[in-house]
2 protein chains.
Amino acid sequence: MKKTASAKRASSDRPSLTPADWEQAALELMAEKGVSALGVEPLARRLAITKGSFYWHFSGRDDLLARALARWENQDRYHLKLALSADMQPVERLSQFVWRTSRQTLTHRIYLALCASPRDALVGPVLRRVTSRRIKYLSAAFRELGLKTSSARQRANLVYSSYVGYLQLQAQGLVPDRDEPAFNDYVEHVIETLVDVARRAAELGEQHQH
Amino acid sequence: MKKTASAKRASSDRPSLTPADWEQAALELMAEKGVSALGVEPLARRLAITKGSFYWHFSGRDDLLARALARWENQDRYHLKLALSADMQPVERLSQFVWRTSRQTLTHRIYLALCASPRDALVGPVLRRVTSRRIKYLSAAFRELGLKTSSARQRANLVYSSYVGYLQLQAQGLVPDRDEPAFNDYVEHVIETLVDVARRAAELGEQHQH
DNA sequence: CAGCTTCCATACGGCAGAGTATGGGGTTAC
DNA sequence: GTAACCCCATACTCTGCCGTATGGAAGCTG
């Protein structure tokens with residue numbers, strides 16, 4: 001039952017931090033205070049430990065940020081792969097995407113934090129890759145729905161823009177929380193406007209083709 | 001022709017900075033590097049002057065930020081007032097709002113920077129007020145279009161979310177620039193999806209009422 | 001038990017920025 | 001002309017963080 005190579009100290013009171021622990025704590029700190037708030041000493045204080053530990057695992061602040069971002073990107077890619085492997089109809093997939101926005105999960109809050117620093121040399125590339133992947137996912141779903149390539153991409157951009165904007169309004173506290181009934185109404189409004197209409201339009205196009 | 005009370009030094013080479021100069025420079029710096037990058041010494045270097053000048057006009061960094069934000073909020077409120085006073089049909093007003101997104105004007109870039117720091121004690125209240133005002137403007141336009149109060153507010157939230165999200169994608173460089181033809185296509189797609197459909201639905205409701 | 005590795009604590013030097021103190025040049029007022 | 005005021009430069013302290021150097025406790029290894 002050996003977990004990792006660095007969990008050897010079983011008798012001590014504290015189980016010796018792994019790099020993964022530092023990366024996860026870095027992601028949580030960024031989700032709360034933003035990318036610029038990610039520092040070595042603040043993070044060490046948060047973990048009730050000193051810098052001596054950090055600089056044994058990492059070469060510096062940029063190293064930590066890069067590895068934490070890689071960790072997050074892998075998680076996000078894994079989630080997308082799961083969504084793709086699940087055999088659902090396009091409408092279900094799109095609805096699922098919209099509904100998933102509600103969950104104030106850590107992934108979304110980190111994405112929001114990264115959006116706040118798009119010009120960062122380390123954040124920028126990761127952010128662009130993740131965003132592109134997600135938009136491609138949406139675009140494929142709309143194409144399966146029957147839309148042309150250009151229309152599907154435009155609709156995907158629109159849906160994704162409204163997703164990102166909703167995260168922003170959520171951060172400002174100007175939008176109903178997910179436990180309120182008004183939130184369900186809004187999500188249904190979004191699906192009706194951006195998904196169902198496209199489906200009906202596509203069906204209309206099919207009728208014309210027949 | 002006395003401009004302000006502090007433009008007295010006419011014979012010297014440099015015309016003596018006013019508080020408005022500092023505030024404007026602060027807004028431009030924030031638009032480029034974000035709210036957290038707004039510091040006294042960096043801004044002084046930017047203006048080729050020393051801190052001694054700054055601390056004569058302002059009590060500190062927070063004072064500058066608060067006054068700069070107030071300045072920006074007034075500008076934004078003025079623009080909204082202009083848009084309201086212009087007698088346009090609701091569809092025109094909504095289209096104008098969408099089209100205005102394209103202009104990479106300073107106001108939009110500052111709004112983007114503020115969105116990145118919604119939890120800041122000074123930024124948060126200003127940001128919420130401005131966002132609420134704009135959404136109310138959109139909601140009123142949709143109500144004039146014939147939508148019910150709840151539907152109009154939902155649609156306004158959706159349009160505004162897509163606006164904010166588009167700013168974000170624009171910052172990531174993942175969206176066509178406004179000089180490319182693809183941009184015009186996209187904007188027309190947005191208007192078609194979020195404005196025209198609402199108009200037709202409202203007309204349909206009117207027909208039912210008749 | 002001696003020796004090595006792993007992981008962390010402590011202490012230090014260095015830098016960047018905030019805020020303060022003080023003086024000085026230029027302009028206006030009388 | 002001189003006194004007062006406006007605006008800015010210079011020099012200073014203080015704080016927070018980075019990165020490094022070094023030692024030490026705990027565990028495994030023979």
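Predicted model: local features only at pLDDT ≥ 70, side-chain atom pairs only at ≥ 80, totals over all residues.
Trainee: How do you know that the same surface serves both copies?

Mentor: Look at the contact residues of chain A: 100% of them recur in chain B.

Trainee: How many residues of each chain are in contact?

Mentor: 30 residues of chain A are in contact with 30 residues of chain B. Helix 7 (123–144), helix 8 (149–172) and helix 9 (181–209) of chain A each supply at least two residues of the side that touches chain B. Helix 8 of chain A gives the largest share, 14 residues. By class, that side of chain A has 16 nonpolar, twelve polar and two charged residues.

Trainee: Why are helix 4 of chain B and helix 7 of chain B called roughly parallel?

Mentor: Their axes cross at roughly 5 degrees. Angles under 35 degrees count as roughly parallel. Helix 4 of chain B and helix 7 of chain B are therefore roughly parallel to each other. The two axes come within 11 Å.

Trainee: Which residues meet there, in helix 4 and helix 7 of chain B?

Mentor: From helix 4 of chain B, they include L69(B), E73(B) and R77(B). From helix 7 of chain B, V126(B), R133(B) and Y137(B) are among them. This contact has seven nonpolar, no polar and six charged residues.

Key: Residues numbered from 1 in each chain as written. Chains lettered and ligands numbered in written order. Contact = placed C-beta atoms within 7 Å. Helix = DSSP H or I, 4+ residues; strand = E, 2+ residues; numbered from the N terminus. Nonpolar A, V, L, I, M, F, W, Y, C, P; charged D, E, K, R; others polar. Axes fitted to C-alpha atoms, helices over the stretch in contact; angles between N-to-C directions. Parallel < 35°, antiparallel > 145°, perpendicular 65-115°, else oblique.
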